[in-house]
Amino acid sequence: MEFSEVLRQRRMVRHYTAQPLERDVIERVVRSALRAPSAGYAQGWAFLVLTSEADRERFWRFAPVRAERAPAVQNAPLIVVPMSNKDAYLDRYTESDKRWTDRDEARWPAPYWHIDTGMAAFAMLLTAVDEGLGACFFAIMPEHLEGFRAEFGVPDTYDPIGAITVGYRATDQPSARFPQRRRGVEDVVHDGYWGRAWRAGRNSLAD
């Protein structure tokens with residue numbers, strides 16, 4: 001599939017059939033996360049992959065609202081929980097080729113451990129579309145994190161940033177609850193100065 005078509009077709013899919021995934025498809029989806037960029041090549045991420053029915057059933061106790069609102073999401077044969085490791089970044093930037101000598105978190109303008117893990121998650125979402133599948137990223141709410149960690153043995157040094165379901169999209173899934181149009185370039189791109197609208201034709205970027 002052409003990359004532009006992958007981007008065009010990407011949606012958050014919440015309704016799946018129970019059709020299983022081939023192991024090589026799962027491998028490609030998961031391995032694509034490792035191609036994401038990371039600050040300092042720290043790669044401070046980890047991924048909990050749930051493919052067995054028993055493991056997936058255990059997971060849904062920690063995302064009850066998602067399961068209640070769209071019960072068919074539980075049909076997804078693959079769940080991946082991306083997790084970030086802040087310590088990997090704080091340690092990496094005290095190494096000799098970097099300019100800091102301490103692990104002060106205040107030096108970071110943004111939490112790159114979460115950002116990079118989010119990029120890895122997006123790589124998996126795009127790969128799922130390229131494989132002809134649907135996928136969805138959603139949160140594990142704070143009140144469920146402690147139980148989730150205990151159930152799956154997740155170390156305290158790793159923070160789940162959310163969860164991803166992957167599977168075959170149900171053809172009879174309901175339409176989107178919020179059918180607003182996607183915001184266009186003219187709504188979000190500022191041309192050289194904040195508030196100056198991007199004008200297609202004068203510039204090379206187009207919606």
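Helix α2 passes α6 in a right-handed crossing, where a crossing is called right-handed if the near helix is turned clockwise from the far one by less than a right angle, and left-handed if anticlockwise. The two helices, α2 with residues 23-32 and α6 with residues 112-130, pack at an angle of about 145 degrees with their axes 7 Å apart; the axes are lines fitted to C-alpha atoms, for helices over the stretch in contact, and angles run from 0 to 180 degrees between N-to-C directions. Helices (H or I, at least four residues) and strands (E, at least two) are DSSP runs numbered from the N terminus. Arg28, Val29, Val30 and Ser32 of α2 meet Ala123, Met124, Thr127 and Ala128 of α6, contact being defined as heavy atoms within 4.5 Å.

The model is a predicted one, in which local features need pLDDT of at least 70 and side-chain atom pairs count only at pLDDT 80 or more, whereas totals for chains, interfaces and linings use all residues. Residues are numbered from 1 along each chain as its sequence is written, and side-chain values use heavy atoms, with hydrogens and water left out.

Which residues of α2 are buried? They are Val25, Ile26, Val29, Val30 and Ser32, with buried meaning under 20% relative accessible area, exposed over 50%, and partly exposed in between (1.4 Å probe, protein chains only). Seen down the axis of α2, these buried residues fall within an arc of 165 degrees, so they line one face of the helix; the arc is that of the directions from the helix axis to the C-beta atoms. The cover over the buried residues of α2 includes β1, β2, α6 and β5 (163-167), while the face of α2 turned away from its buried side carries the exposed residues Arg23 and Arg31.

Buried residues make up 39% of the 207 residues in the protein chain, and residues 24 or more positions apart account for 74% of its contacts with a separation of 6 or more.

In soluble globular proteins, nonpolar side chains tend to be buried together. A nonpolar core is here a set of buried Ala, Val, Leu, Ile, Met, Phe, Trp, Tyr and Cys residues joined through side-chain atoms within 4.5 Å. Of the 21 residues in the largest such core, Leu48, Phe59, Trp60, Val81, Phe138, Phe148 and Phe152 touch the most other members. The elements β1 (45-50), β2, β3 (134-138) and α7 (142-152) each supply at least two residues of this core, and β2 gives the most, with three residues. Leaving aside its neighbours within four places in sequence, Leu48 is in contact with Ile79, Val80, Val81, Met83, Phe148 and Phe152. Apart from this core lies another, of 19 residues, among them Leu78, Ala121, Met124 and Leu125.

In helix α7, Phe148, Arg149 and Phe152 are buried. They cover an arc of only 100 degrees around the axis, which puts them on the same side of α7, and what covers the buried residues of α7 includes β1, α3 (53-59), β2 and β4 (159-160). The face of α7 turned away from its buried side carries the exposed residues Glu143, Glu146 and Ala150. Ala150 counts as exposed because its relative accessibility is 64%. Just after α7, Gly153 takes a positive phi of about 65 degrees.

The loops deserve a look as well. Asn85 has its place in the loop between β2 (78-84) and α5 (86-92). Why does Asn85 count as buried? Its relative accessible area is 11%. The side chain of Asn85 reaches the backbone nitrogen of Asp87 at 3.1 Å, and, apart from its neighbours within four places in sequence, Asn85 is in contact with Gly44, Trp113, Thr157 and Tyr158.

In the loop between α2 and β1 lies Tyr41, whose phi is near 55 degrees, a positive value in a residue other than glycine. Gln43 is placed in the loop between α2 and β1 and has a phi near 50 degrees, again positive in a residue other than glycine. Tyr41 counts as exposed at 63% relative accessibility, whereas Gln43, with a relative accessible area of 32%, is partly exposed.

How values were computed. Polar contact = N/O pair within 3.5 Å; in protein donor to acceptor, adjacent residues only side chain to side chain.
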